[in-house]
Amino acid sequence: MFPTDSEERKTYPIATFIKDYFPNALIALSHHSYMAQQQHGEPTNGKPMQWHKDKSVGDENQLIRHFMEGDLHSTAWRALELLERELTKS
C-alpha cells in the first residue's frame, strides 16, 4: 500500500491529512458508513464493520444523484468508493 523507500514514505502524511485537513468530515463519514451498514447490510452486532464490495457497487450516476439531492454524506462515500475501486481496480 505504501512505498518501501523510507524517504518516499514520508510523502504520504496520512495522519496529518486525517487529523488536520478533514477530521470532522471523516468522523461524520465513518458514522454514516456505520449507520448505512446497519440499514442496508448485515448489522455489525458489535463485530468490526465490513465493506461488502460485491453488494455495494456505486457509479457516477449515484454520486451525482446524491449530490443533487443535497446528501453530501452519501456523495462523499460514493466518491471515495469510486476512487478506491479505481486505485485497486476492484
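**Note on the predicted model**

1. Of the 90 residues in the chain, 17% are buried (under 20% relative accessible area; exposed is over 50% and partly exposed in between, with a 1.4 Å probe and protein chains only). This is a predicted model, in which local features need pLDDT of at least 70 and side-chain atom pairs count only at pLDDT 80 or more, whereas totals for chains, interfaces and linings use all residues. Residues are numbered from 1 along each chain as its sequence is written, and side-chain values use heavy atoms, with hydrogens and water left out.

2. The secondary structure consists of 5 helices and 0 strands, where helices (H or I, at least four residues) and strands (E, at least two) are DSSP runs numbered from the N terminus. The pattern along the sequence is accordingly written α-α-α-α-α. The C-alpha trace spans about 40 × 35 × 30 Å along its principal axes.

3. Contacts (heavy atoms within 4.5 Å) may be considered by sequence separation. Among those between residues at least 6 apart in sequence, 40% join residues at least 24 apart.

4. Helix H5 (residues 72–88) contains Arg78, and Ser74 also lies in helix H5. Arg78 is buried because its relative accessible area is 14%; Ser74 counts as buried at 10% relative accessibility. Leaving aside residues up to four places away in sequence, Arg78 touches Ser56, Val57, Gly58, Gln62, Leu63 and His66, while Ser74 touches His32 and His66.

5. The largest pocket has a volume of about 1500 Å³. A pocket is an open set of points on a 1 Å grid over the protein atoms alone, where a 1.4 Å probe fits and protein lies on both sides within 12 Å along at least five of seven lines; lining residues have an atom within 4 Å of a point. The lining comprises 42 residues, and Leu29, Ser33, Trp77, Leu80 and Glu81 lie nearest the centre of the pocket. H2, helix H3 (23–40) and H5 each supply at least two residues of this lining.

6. The chain exposes about 7400 Å², of which carbon and sulfur atoms supply 59% (Shrake-Rupley method, 1.4 Å probe). Met1, Phe2, Tyr12, Ile14, Phe17, Ile18, Tyr21 and Phe22 make a nonpolar surface patch of about 910 Å² (residues with over 30% relative accessible area and no salt bridge, nonpolar side chains being joined within 5 Å; a salt bridge is a side-chain nitrogen of Lys or Arg within 4 Å of a carboxyl oxygen of Asp or Glu). Within this patch, Phe17 belongs to helix H2 (residues 14–21) and is partly exposed, with a relative accessible area of 38%.

How values were computed
Patches are made of residues with over 30% relative accessible area and no salt bridge: like charges are joined within 9 Å, nonpolar side chains (Val, Leu, Ile, Met, Phe, Trp, Tyr) within 5 Å. Grid points are joined across faces, edges and corners, and a volume is the space filled by probe spheres set on the points.
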